[in-house]
Amino acid sequence: MSFPRLPFLAAAALVLAVAGCKVETINDFPSKPASVRAINLITDAASIDIKKDDTTVWSAIALAAPTDYQMFDNRQTNFDVFAPGVTSPIASVSGSLAANQIYSIGAYGTVANPATLLQPDSYQSVNPTNSQVRFAQMAFGAGSLDLFLTTPGLSLANQSPQYQL
C-alpha cells in the first residue's frame with residue numbers, strides 16, 4: 001500500500017508552523033508600555049527634574065522645552081516635580097497609564113504655587129488637507145481663556161470664540 005507523501009508533508013508542516021506561533025491568550029501578558037514626555041512651564045524655574053519612585057527620569061528640563069518620550073509600565077504611576085535647590089517635590093501628578101498610549105506631563109505655574117497635568121496625546125489619522133490641533137489651558141492664574149481661530153490680522157471685535165478653555 002502506497003502512502004501519499006505530499007499531503008502528509010503538508011499536514012506536518014502546518015502542525016509545526018502553528019506550534020511555533022506565539023498566540024496571545026488570557027494567560028499571556030506581554031509588556032505594552034506607555035510613552036510619556038514632559039514639559040516645564042513653571043515660569044520662575046529655569047529647569048526642573050521629574051522623578052518616578054525616587055529615580056530621576058528627566059533632569060534639567062529647560063523652560064518651555066519638551067523632553068523625549070520614555071517608556072513606562074502600564075499601571076498607576078506617580079511623577080514628582082522638583083525645582084532647583086528644593087529638596088522635596090513642589091508638585092506631583094499621578095495617573096493610570098494605558099498600554100500603547102502616549103502621554104504628556106505639563107508642569108506649570110510658579111515654584112511657590114505649581115500645578116501639573118497628565119494628558120493623553122490622542123492622535124487620529126486626518127485627511128492630508130486637514131490638521132489636528134490640541135489645546136490645554138496651562139496659563140496659570142489666567143482663569144478661563146477664549147480661543148479664536150481666524151485669519152491673521154482679523155479684528156476679534158465682532159467674532160465669537162471657537163473654544164473656551
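1. The note begins with the surroundings of Thr77. Apart from neighbours within four places in sequence, Thr77 is in contact with Lys52, Val93, Ser94, Gly95 and Leu97. The model is a predicted one, and the contacts should be read as features of that prediction.

2. Where does Thr77 lie, and is Thr77 buried or exposed? Thr77 belongs to strand E5, which covers residues 76-82. Its relative accessibility is 2%. Because buried means under 20% relative accessible area, Thr77 counts as buried. A polar atom of the Thr77 side chain is placed 2.9 Å from the backbone oxygen of Arg75.

3. The next point concerns the nonpolar core. The largest such core has 22 residues. Among the residues with the most contacts inside this core are Val36, Ile48, Trp58 and Phe79. Two or more residues each come from E1, strand E2 (47-52), E3, E5, strand E6 (91-96) and E7. Of these, E1 gives the most, with four residues.

4. Phe79 deserves a separate look. Which residues does Phe79 touch, not counting those up to four places away in sequence? They are Val36, Ile50, Lys51, Lys52, Trp58, Phe72, Ala91, Ser92, Val93 and Ile105.

5. Strand E1 (residues 34-42) has two pairings to examine. With strand E4 (residues 70-72), E1 pairs in the antiparallel sense over three bridges; here Val36 stands opposite Gln70. With strand E7 (residues 102-109), E1 pairs in the parallel sense over eight bridges; in this pairing Asn40 stands opposite Ala107.

6. Ala60, in strand E3 (residues 55-62), has a phi near 50°, a positive value in a residue other than glycine. Is Ala60 buried or exposed? Its relative accessible area is 53%, and because exposed means over 50%, Ala60 counts as exposed. Ala64 also has a positive phi, of about 65°, although Ala64 is not a glycine. Ala64 is placed in the loop between E3 and E4.

Key
Residues numbered from 1 in each chain as written. Predicted model: local features only at pLDDT ≥ 70, side-chain atom pairs only at ≥ 80, totals over all residues. Heavy atoms only, no water. Pairing = 2+ DSSP bridges. Buried < 20%, exposed > 50% of the residue type's maximum accessible area, 1.4 Å probe, protein only. Polar contact = N/O pair within 3.5 Å; in protein donor to acceptor, adjacent residues only side chain to side chain. Contact = heavy atoms within 4.5 Å. Core = buried A, V, L, I, M, F, W, Y, C linked by side-chain atoms within 4.5 Å.
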